[in-house]
Amino acid sequence: MTILVTGGAGFIGANFILDWLDRSGERIVNLDKLTYAGNRNSLSSVEEDPRHVFVAGGIEDETLVGILLKRHAVRAIVNFAAESHVDRSIHGPMAFVETNVFGTVRLLEAARSYWQQLGAVEKGRFRFLQVSTDEVYGTLGADDLPFSETNPYEPNSPYAASKASSDHFARAYRETYGLPVIITNCSNNYGPYQFPEKLVPLIIHNALSHRSLPIYGDGRQIRDWLYVKDHCSALRLVLERGAPGSTYNIGGGNERANIEVVEALCAILDGLCPRADGKSYANLITFVKDRPGHDRRYAVNPTRITRELGWRPSETFASGLRKTAEWYLDNTAWVMQAANGTYQDWVARQYA
Ligand code: NAD
Ligand code: DAU
């Protein structure tokens, strides 16, 4: 048995593959285009593992995907591949349309052609898991209830709009062709192997390099934080027991304002790696220009996945954040390689 994971050299995909291979003998074919966000070093521990087959390529390459599905008799696709950074989508939306919309539709097409020629048993067992985000629901007011699966889609950034579009296509393939699609909408992940353009690794990287810690606007925007391995455990459950045609919201129940996240990280780093001058890393906090269209609050109601599949996160926000800081301190070689020339160009452009 084999599953096809797309975008497996990225943050969540790599964590998913490492966890999967720790727990299962089932092979993974990992199709990744290796954009700036893809990093094969994240998977160096399984490079020689015969259960992990890496293929460099894009989800938009229908022919390649068709060959991989047939050759490996794939029983499920887990689609992580995407352009994932909101700020980059504001600078250049087209890459998001290309991969997240056109790419996903081409992947769905390849899946449909393959699935339609399977025998009855394999057809019933096949799954297409579309890994999506809570950002498709838009923003919440301070007193609004957390997002549930019935909330309307109201995306506010080009990134969120592209993910909303891919979710709509995934849903349409289920309704129109019967493809056994499941969609998950998850909140903000943090943990090992996250590219240092996102808030948590950016703050750790900047703090340890004694650079300023940029906080957009007033820093009171709220996100619901989930340790990446808890997202992976949810996805494994959904793949195993989720109902085709269903959507599952996944969230950590950890609503925090950005300023609180950054202050918590600074306090952890003050303990783990005190500054030579005795000051707190929090002294490096700098409020900068806000993100256009910045969503004020996300919060996710995970009742369905908890009730139907028995999922619960293992990490608290405090334990997950500490583990993350420790991982970045122990893996400076990974960080230095990720924060290479093109990363420096991005930082210069975004924070000039
Ligand atoms: P990431 O940017 O770290 O990784 C994306 C991966 O996809 C990279 O390895 C990249 O090389 C690959 N990729 C990009 N375009 C591709 C293409 N055309 N074909 C094949 N591979 C391609 O992203 P992430 O944070 O790991 O997110 C993974 C998925 O989870 C995304 O779909 C994202 O929308 C979703 N998601 C992310 C979060 C989060 O907090 N990071 C939360 C909820 C949902
Ligand atoms: O909610 C799920 C989403 O979470 C995923 O779908 C996205 O792929 C993922 O990138 C993430 O989106 P956010 O925009 O919420 O994540 P980011 O880490 O970019 O920012 C988190 C918050 O921190 C957000 O309110 C913006 C703020 N921020 C971010 C950066 C990079 C800052 O204040 N300063 C910064 O330098």
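Ligand 1 is surrounded by 29 residues, and the closest are Ile12, Asp32, Ser84, Tyr159 and Lys163. A residue counts here if one of its heavy atoms lies within 4 Å of the ligand. This is a predicted model, in which local features need pLDDT of at least 70, side-chain atom pairs count only at pLDDT 80 or more, and totals for chains, interfaces and linings use all residues. Residues are numbered from 1 along each chain as its sequence is written, chains are lettered from A and ligands numbered from 1 in the order in which they are written, and side-chain values use heavy atoms, with hydrogens and water left out.

**Ligand 1.** Its shell divides into 12 nonpolar, 13 polar and 4 charged residues. Nonpolar means Ala, Val, Leu, Ile, Met, Phe, Trp, Tyr, Cys and Pro; charged means Asp, Glu, Lys and Arg; the others, Gly among them, are polar. Helix 1 (11-23), strand 5 (127-133), helix 6 (158-177) and strand 7 each supply at least two residues of this shell. Strand 5 gives the most, with 3 residues. Helices (H or I, at least four residues) and strands (E, at least two) are DSSP runs, numbered from the N terminus.

**Ligand 2.** Around ligand 2 stand 24 residues, and the closest are Asp134, Tyr159, Arg291, His294 and Tyr351. This shell splits into 10 nonpolar, 7 polar and 7 charged residues. Strand 8 gives the most to it, with 3 residues.

The table lists polar contacts of both ligands. A polar contact is a pair of N or O atoms within 3.5 Å; within protein, one must be able to donate a hydrogen and the other to accept it, and residues adjacent in sequence count only if both atoms are side-chain atoms.

| Residue and its atom | Distance to an oxygen atom of the ligand |
|---|---|
| Glycine 10, backbone N or O | 2.9 Å, ligand 1 |
| Phenylalanine 11, polar backbone | 3.0 Å, ligand 1 |
| Phenylalanine 80, polar backbone | 3.1 Å, ligand 1 |
| Aspartate 134, polar side chain | 2.5 Å, ligand 2 |
| Tyrosine 159, polar side chain | 2.6 Å, ligand 2 |
| Leucine 199, polar backbone | 2.8 Å, ligand 2 |

The protein covers 95% of the 690 Å² of accessible area that ligand 2 has on its own. Ligand 1 alone exposes 830 Å², and the protein buries 97% of that. These areas come from the Shrake-Rupley method with a 1.4 Å probe; for residues, only the protein chains shown count as cover.

**Aromatic pairs.** The structure holds 19 aromatic pairs. Rings of Phe, Tyr and Trp (its six-membered ring) pair if their centres lie within 6.5 Å; planes under 30 degrees apart are stacked, over 60 edge-to-face, and the rest tilted. Tyrosine 190 and phenylalanine 317 pair edge-to-face, at 5.7 Å centre to centre and 70 degrees between the planes. Their pair links distant parts of the chain: tyrosine 190 is in strand 7 (residues 188-190) and phenylalanine 317 in helix 11 (residues 317-330), 127 residues apart. Tyrosine 190 counts as buried because its relative accessibility is 1%. Buried means under 20% relative accessible area, exposed over 50%, partly exposed in between (1.4 Å probe, protein chains only).

Histidine 231 sits in helix 8 (residues 228-241). At 1% relative accessibility, histidine 231 is buried. Its contacts (heavy atoms within 4.5 Å) include Ile12 and Val131, not counting residues up to four places away in sequence. Histidine 52 lies in strand 3 (residues 52-56). Histidine 52 is also buried, at 9% relative accessibility.
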